[in-house]
Amino acid sequence: MGDFVFAHLSDVHLGAFREPELRELNCLAFERALDACGTADFIIIAGDLFDSPLPDLSVADRAVRKMRILREQGKRFYVVYGSHDYSPGEKNVIDLLESTGLITKVSLGEYEGEALRLRFIEDAETGAKIAGMSARKRGLEREHFGCLDRKALEAEDGFKIFVFHSGVEEHKPDFLKGVDGVPLSLFPKGFDYYAGGHVHARIDAEEKGYGRIVFPGPLFAADYRDLEDLRENKHGFYLVRVAGGKAKTEFKPVETAGVEVVECGATGKSAADLREELLEKARACEAKGKIVLLKVHGELSSGSPGEVDWNAVRAAFEGAACVKVNRSGLSAPLASGVKIEGNSRREVEEKLFHELAEGKWDEKPCRPLLDELKAARPEGEAKQGFEERVAAKAEKVLEALK
Ligand SMILES: [Mn+2]
């Protein structure tokens with residue numbers, strides 16, 4: 001086998017974010033990463049290429065156009081489903097891309113009795129042998145790993161890559177401490193490279209008896225935490241050079257936009273004071289071309305968060321690529337000291353609405369509205385699709401009032 005180069009990407013999450021500017025930066029990151037894959041013979045995507053199993057078609061179209069250019073140059077894409085672009089029992093965007101011949105899914109295998117036997121895909125030009133495990137429904141990954149016929153995988157010769165989309169118990173970053181990963185003992189030994197996805201942090205470790213265990217982390221970002229992390233850590237992917245059967249990794253950062261975090265405490269301030277302070281902070285901020293993360297927390301002394309005029313605050317960060325406001329920690333005092341007692345949650349809710357309305361507005365729609373808004377996300381449904389569905393239902397309740 002000759003020497004060769006491959007790229008390892010994961011957690012691209014195309015289509016994440018509601019803000020068009022962030023979606024754009026995410027697409028851009030993907031395009032730039034593929035531009036930087038010039039020397040690669042093939043590209044591995046270890047899950048979560050898309051943020052949803054049925055992504056926005058304009059986002060998918062853009063990604064496909066770029067991938068097609070690389071396909072036409074003779075490069076191959078090897079992909080497993082991630083936790084975001086997998087939908088149990090249904091076809092999704094990854095299947096569609098495979099049908100067109102753009103990508104090859106590498107998680108092939110069947111159960112024979114209790115044993116899960118994976119099949120290798122051999123990359124015809126380099127001879128690299130690739131086997132993979134796709135994401136499953138939460139909690140089931142470990143079970144499937146437990147059923148792996150590891151002996152058969154370990155017996156295969158040649159340069160072997162194992163692609164997977166799960167955290168490894170022994171290599172979890174701090175923020176995933178409470179989340180179950182798959183223990184190393186359930187992985188087949190003796191692969192030359194373990195191409196991981198799912199963990200949104202960069203990990204590159206050598207594990208005795210195994211090989212290189214690598215997570216590139218998110219290519220750009222999929223949520224607020226990822227964006228915040230971008231301020232300190234570069235995000236990107238790995239280029240892996242294989243010479244004499246040995247893999248050498250090189251992290252390739254992908255530049256998009258700088259991140260500025262602006263914090264503001266609201267405790268003891270009126271909504272009007274808070275607005276003034278935020279406007280002042282915005283004017284003082286060097287925001288040009290940057291992603292601004294505005295974090296507001298604390299309890300207002302008077303007024304409500306809605307009175308702050310967030311659009312004006314956003315606009316005051318002149319030239320920013322995007323201003324993302326996080327005010328989940330911001331609260332207002334409840335209409336002073338309402339005390340409610342009731343025999344059931346339902347009764348308490350009804351009395352509370354009645355009390356708050358004080359006869360000045362119709363409280364009847366509050367209950368059905370609350371019922372729609374507090375629905376839990378069913379397992380397997382993507383967050384974005386779920387949010388859109390809940391919003392549509394809530395709107396229906398409001399429509400009915402007209
Ligand atoms: Mn992910």
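Is Glu19 buried or exposed? In this predicted model, Glu19 counts as buried, because its relative accessibility is 17% and the cut-off for burial is under 20%.

The protein is divided into domain 1, residues 4-253, and domain 2, residues 257-333. Eleven residues from domain 1 and eleven residues from domain 2 take part in the contact. The C-alpha centres of domain 1 and domain 2 are 37 Å apart. Between them, the two domains bury about 1,100 Å², and 71% of this area lies on carbon and sulfur atoms.

Two salt bridges are found across the interface of domain 1 and domain 2. Two residue pairs in polar contact are also found across this interface, both at pLDDT 80 or more. On the side of domain 1 that touches domain 2, helix 1 (20-35) and helix 6 (224-232) each supply at least two residues. Helix 6 gives the most to that side, with five residues. By class, the side of domain 1 that touches domain 2 holds seven nonpolar residues, four charged residues and no polar residues.

Side chains of opposite charge can pair when their charged atoms come close. The structure holds 37 salt bridges, and the pair of Glu19 and Lys324 links distant parts of the chain, 305 residues apart. Glu19 lies in the loop between strand 1 (4-9) and helix 1, whereas Lys324 lies in strand 17 (residues 322-331). Lys324 is buried, with a relative accessible area of 16%.

The table lists this pair together with two others.

| Pair | Closest N to O distance |
|---|---|
| Glu19 and Lys324 | 2.9 Å |
| Glu24 and Arg62 | 2.8 Å |

Glu24 is partly exposed at a relative accessible area of 34%, and Arg62 counts as partly exposed at 24%.

Lys290 is partly exposed, with a relative accessible area of 25%, and Glu260 is partly exposed, with 26%. Elsewhere, salt bridges that share partners join Arg345, Arg346, Glu349, Glu350, Arg367, Asp371 and Lys374 into one network.

Conventions: Residues numbered from 1 in each chain as written. Predicted model: local features only at pLDDT ≥ 70, side-chain atom pairs only at ≥ 80, totals over all residues. Heavy atoms only, no water. Domains from an automatic or database assignment. Contact = heavy atoms within 4.5 Å. Buried area = accessible area lost by both parts, 1.4 Å probe. Salt bridge = Lys/Arg side-chain N within 4 Å of Asp/Glu carboxyl O. Polar contact = N/O pair within 3.5 Å; in protein donor to acceptor, adjacent residues only side chain to side chain. Helix = DSSP H or I, 4+ residues; strand = E, 2+ residues; numbered from the N terminus. Nonpolar A, V, L, I, M, F, W, Y, C, P; charged D, E, K, R; others polar. Buried < 20%, exposed > 50% of the residue type's maximum accessible area, 1.4 Å probe, protein only.
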